[in-house]
Amino acid sequence: MTTGEKPRIIAFVLAFKEKPYAPLISLSKQTWKPDKVVIVAAYPSACVEDLPELKDLECIVVKPDLSLSVGERVGIALTIAFTKYNISNYDYLVKLDSDIIFGRKFLEENIKSDYDLLGGGAGLIIKVNKYIKVLDTRWPITPIDDSFVVTAFLINGLKVLPWRWIYPAKVLRDVFYDTRRVIAIGISRYKLGVPFYKEILSTLSMVIVRRRIIIVLRPFAYLIALIRRERKYSIASRVRKFYIMRLKSRILNMLRLKAS
């Protein structure tokens, strides 16, 4: 891709049973339109056959195993989609939930910022060559799939803007958390190698800022996984080292500031 040239973009829009018109309409109005849009649907009812201004729109149906967490189902479906549509043919991949909307320069301005990864949750924009280098052509099959991807990019020293965008989007529905989901997240964060201090701080932030009291169960689930010695993910040791080193660096910087 040369300077000033629009990169090749493939967008994957996740949908369950309802047609994901919100992100599709937003994509159709982009100044930099995606070269291909793929609806990754759990059921045929979520497929959209045609939409004005989206020239290359397709739908793939991956029947979900409802005994799995949402993140695990997404991991399976996206891995199938990544293979079917060969993401290596594109410069950027965009992963969108069905409840996100954004302005007409969302793709252009975020991509021009030259981050390797932006966003999280309802919307991720990722450089494909960096993704393949870090995670091959598979999406992580875990209850914390987005967190896994963001963390994998961070520990590889890539340019990441986690959980936000340069040009913002709007999420129409807040994430639903029940006890089962929160426990699965707590266990998975232990398996990812997140240090316990980091898990406590993250939990407190979500409880205070987002007022999600049920999130307090996460550290308890983490400790259960620790006691049971759950098998960790392959990147866990690198994740733990990354956060410990970052904590030490921040403490040293604070000490230097106090001494100056």
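**Briefing: a pocket and its salt bridges**

The second largest pocket holds about 180 Å³ of space. The model is predicted. Its structure contains 17 salt bridges. This briefing takes the pocket, then some of the bridges.

**The second largest pocket**

- The lining of the second largest pocket includes Leu-135, Arg-138, Trp-139, Pro-140, Ile-141 and Thr-142.
- Thr-79, Phe-148 and Tyr-233 also line this pocket.
- By residue class, the lining has 6 nonpolar, 2 polar and 1 charged.

**Arg-8 and Asp-35**

- Arg-8 and Asp-35 form a salt bridge, and their closest N and O atoms are 4.0 Å apart.
- Arg-8 sits in the segment before β1 (9-15), while Asp-35 sits in the loop between α1 (21-28) and β2 (36-41), so the pair ties together parts 27 residues apart in sequence.
- Arg-8 is partly exposed, at 38% relative accessibility.
- Asp-35 is partly exposed too, with a relative accessible area of 28%.

**Lys-33 and Glu-53**

- What separates the closest N and O atoms in the salt bridge of Lys-33 with Glu-53? The distance is 3.8 Å.
- Lys-33 belongs to the loop between α1 and β2, and Glu-53 to the loop between β2 and β3 (57-61), so this bridge joins parts that are 20 residues apart in sequence.
- Lys-33 is partly exposed, with a relative accessible area of 29%.
- Glu-53 is exposed, because its relative accessible area is 53% and the cut-off for exposed is over 50%.

- The side chains of Lys-127 and Asp-116 form a salt bridge, at 3.4 Å from N to O.
- Lys-127 lies in strand β7 (residues 123-127) and Asp-116 in the loop between α3 (106-112) and β6 (117-120), so the pair links parts 11 residues apart in sequence.
- Are these two residues buried or exposed? Both Lys-127 and Asp-116 are buried.

Key:
Residues are numbered from 1 along each chain as its sequence is written. This is a predicted model: local features need pLDDT of at least 70, side-chain atom pairs count only at pLDDT 80 or more; totals for chains, interfaces and linings use all residues. Side-chain values use heavy atoms; hydrogens and water are left out. On a 1 Å grid over the protein atoms alone, a cavity is a set of points where a 1.4 Å probe fits but cannot get out, and a pocket is an open set with protein on both sides within 12 Å along at least five of seven lines; lining residues have an atom within 4 Å of a point. Grid points are joined across faces, edges and corners, and a volume is the space filled by probe spheres set on the points. Ala, Val, Leu, Ile, Met, Phe, Trp, Tyr, Cys and Pro count as nonpolar, Asp, Glu, Lys and Arg as charged, and the others, Gly among them, as polar. Helices (H or I, at least four residues) and strands (E, at least two) are DSSP runs, numbered from the N terminus. Buried means under 20% relative accessible area, exposed over 50%, partly exposed in between (1.4 Å probe, protein chains only).
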